[in-house]
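Please prepare a briefing on the structure shown below.

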Amino acid sequence: MNSALAATGPLLLALAALGCSIPTREGLPIVENSCAANRDCGDGGVCIATMCVATSAKLERVFVEVDAPTSGQNGAHLSTIVALADLGIALDGTDPQGHVKTLDLMATRADVRAHFLLDYKALPCPQFPKGVPFSLELQPALEVTGIPFAVYFADSNEAEEVTASLHVPFGNYDIYAVPQADEGASVKCQLPPMLVRNVSVESSDTAIKFAPSNPPTVLKGKIDADLTDWTVTLVDNEDGRELSTPAVITVATAPTLSSAFYLSAWPRVFGPDGFDTVLRIAPPQTPAGEGRPTLLWKLSALGLGSPPFAELKTSGLLERPVSAMEGTVVGPDGAGVSATVSIRSKSFDSMAGSIAALHTVVLTDENGWFTAKLIAGNYRVVAVPTGVTDFAITAIDWEKKAGALPGGLSIQLASLSRLVGNATLANGKPAYGVSVLAEPAGNDATSIFEKEFDVRASQVASTGRITVTDFSGFFQLVVDPGQFDFSLRPEPDAQLPWLVRPRISVSDGAPYTAELGTVSISNPIVLRGSVHNDGGDALANAAIRVWHAPHAAAGAPLSAAVLIAESHSEADGTYSLLVPSAVSQ
């Protein structure tokens, strides 16, 4: 598979699985970036060795990823991400000679050994004299969202010293250790997880020691509802990792039917310099919990005191009866359509410092009928047609009243909308035979509060689409509503960069045509060099990807990074990347 198809491979496979016909370039020559003189390059370009190169660039934050597959030559899988600014390279400003940059890349690997020791004067765990058995997770600590990354896992061994060992690239990591309870011991020693953020791993032999000298802090709490079999946990608001031992409420307290809980976490979780911690109360994964929301409280809003105690008031929300509702998904002609229906809460009665979030997914029958159990509240309901149809993913806002609602919700699917435009080169000539892609934009939510409740995190989950420009450069894509990362991706032999326009919005509701007008593929920035491992061996067939993440305005949410270029190294480790001179907003 050549590099252009490799870049679109997952989308092509997904479309093929759905039965979509993939557009081809049959009958169309490959458009080329070629020149004899500077005048052939249009504004902002210079002719270098018969290829137009950009003389001006405006890329803000750029990251380069090296993804080397496992092989006898490369060793274990390596995935390294580095900011170009950290290497002293800027893709910004004007260079009359053309932006040609040399960048030699190294995929480094560190041998990490982690050990979990206890101070037995503070912690009564005599069954672990050599250290506590634990599982270990290292996740890259990236300053942007949207870039997929490898997460590294290991379990401790039972050698002379209880140690977890794994191999990771150099970089900064969030390190997460989960001690394993010894269920058969006479002295119970269930320790909470430990999270350490932004740890630098810059040595080929790195030792990490977890050595708490103070015992975990116990959080006691009381909830004004009968929550027998519900689970109470402290979690990190950034990514949802558990920071405490979980507490399962076994018996509600009579006569008021309030629920008490006890859980423990390391002292830092409660401190002012600790984490953005959330108290999560989740219903049981059984029919008894069906239709019940998960409750989230910001720990900082609870006024815990010392020793910490949380008194939680649910304002009667959890006492609302769960009732069945029925609905149907239909096409414009009223006929039932098979679909997947996602139901996500928008709001219930507000509680200070907290939210209540409910998300459930149901399947319709072949006639479009579905049922669900819910409490009264406001919901976002999204219907995703099954298979390949002419219908768009459709979302509606809906308020469920108290009581049953037989046959009361009907979702009429809209028709697909269109993205229309014309593609040209920097010199104004039509860009024909170029792949046109519209891929669902990444979720830029940065906390579990946003992921559960923020409108930005509740957008319609759109479907990727692909087509090819015709001889005049015209293109037309049918799309679902939602936000898309739009791109033009010429063939590698064309010596052209991609054009990328992230987060194009297509409104839900009535179908319409989104006119993109004329979109121009820029002259390329040339990024070239070689890629090696830390032993000096060339890395063959390594994927080299370039990601762009625009700076966010003050107070604005961080925008997710978007892929803007991709290539692969040759057998000798050399590579060449053609990067767009700017990313349209």
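The points below are grouped by topic, after a short note on conventions.

This is a predicted model, in which local features need pLDDT of at least 70 and side-chain atom pairs count only at pLDDT 80 or more, while totals for chains, interfaces and linings use all residues. Residues are numbered from 1 along each chain as its sequence is written, and side-chain values use heavy atoms, with hydrogens and water left out. Helices (H or I, at least four residues) and strands (E, at least two) are DSSP runs numbered from the N terminus.

**The four-stranded sheet**

- Four strands form an open sheet in the order E33-E32-E35-E36, and their pairing is antiparallel; two strands pair if DSSP finds at least two bridges between them.
- At the edges are strand E33 (465-468) and strand E36 (499-506), each of which pairs on one side only.
- On average, neighbouring strands of this sheet are turned by 20° against each other, direction ignored; the axes are lines fitted to C-alpha atoms, and angles run from 0 to 180 degrees between N-to-C directions.
- Within the sheet, strand E32 (residues 435-440) and strand E35 (residues 482-489) are paired antiparallel over 6 bridges, and Leu437 has Ser487 in E35 as its bridge partner.

**The three-stranded sheet**

- A further open sheet has 3 strands in the order E34-E31-E37, with mixed pairing.
- Strand E34 (474-479) and strand E37 (513-520) each have a single partner strand, so one side of each is left without a neighbour in the sheet.
- Neighbouring strands here are turned by 20° against each other on average, direction ignored.
- Strand E31 (residues 417-424) runs antiparallel to E34 and is joined to it by 6 bridges; the partner of Gly421 in E34 is Phe475.

**A hairpin**

- Strand E1 (residues 45-48) and strand E2 (residues 51-54) run antiparallel and are joined by 4 bridges, with Ile48 opposite Met51 in E2.
- The two strands, E1 and E2, form a hairpin with 2 residues between them, and Ala49 in the turn has a positive phi of about 50°.

**Backbone geometry**

- Most residues other than glycine have a negative phi, and most peptide bonds are trans.
- The peptide bond joining Ser306 and Pro307 is cis, with omega about -5°; Pro307 is in the loop between strand E21 (294-298) and strand E22 (309-312).
- Asp229, which is not a glycine, has a positive phi of about 80° and lies in the loop between strand E16 (217-223) and strand E17 (231-236).
- Arg503 also is not a glycine and has a positive phi of about 55°, but this residue lies in strand E36.
- Asp229 is partly exposed at a relative accessible area of 45%, and Arg503 is partly exposed at 23%; buried means under 20% relative accessible area, exposed over 50%, and partly exposed in between (1.4 Å probe, protein chains only).

**A buried serine**

- Ser323 is found in strand E23 (residues 323-330) and is buried, with a relative accessible area of 11%.
- The side chain of Ser323 makes a polar contact with the side chain of Lys400 at 2.6 Å; such a contact is a pair of N or O atoms within 3.5 Å, and within protein one must be able to donate a hydrogen and the other to accept it, with residues adjacent in sequence counting only if both atoms are side-chain atoms.

**Nonpolar cores**

- The largest nonpolar core has 48 residues, of which Phe261, Leu279, Ile281, Leu312 and Val329 touch the most other members; a core is a set of buried Ala, Val, Leu, Ile, Met, Phe, Trp, Tyr and Cys residues joined through side-chain atoms within 4.5 Å.
- Another core, of 37 residues, lies apart from it and has Leu59, Val66, Ala542 and Leu563 among its members.

**Aromatic pairs**

- The structure holds 5 aromatic pairs; rings of Phe, Tyr and Trp (its six-membered ring) pair if their centres lie within 6.5 Å, and planes under 30 degrees apart count as stacked, over 60 as edge-to-face and the rest as tilted.
- The rings of Phe134 and Phe210 are edge-to-face, because their centres are 6.3 Å apart and their planes at 70°.
- Phe134 in strand E10 (residues 134-140) and Phe210 in strand E15 (residues 205-210) are 76 residues apart; Phe134 is buried at 0% relative accessibility, as is Phe210 at 3%.
- The rings of Tyr432 and Phe471 are stacked, because their centres are 5.0 Å apart and their planes at 10°.
- Tyr432 is in the loop between E31 and E32 and Phe471 in the loop between E33 and E34, 39 residues apart; Tyr432 is buried at 19%, whereas Phe471 is exposed at 53%.
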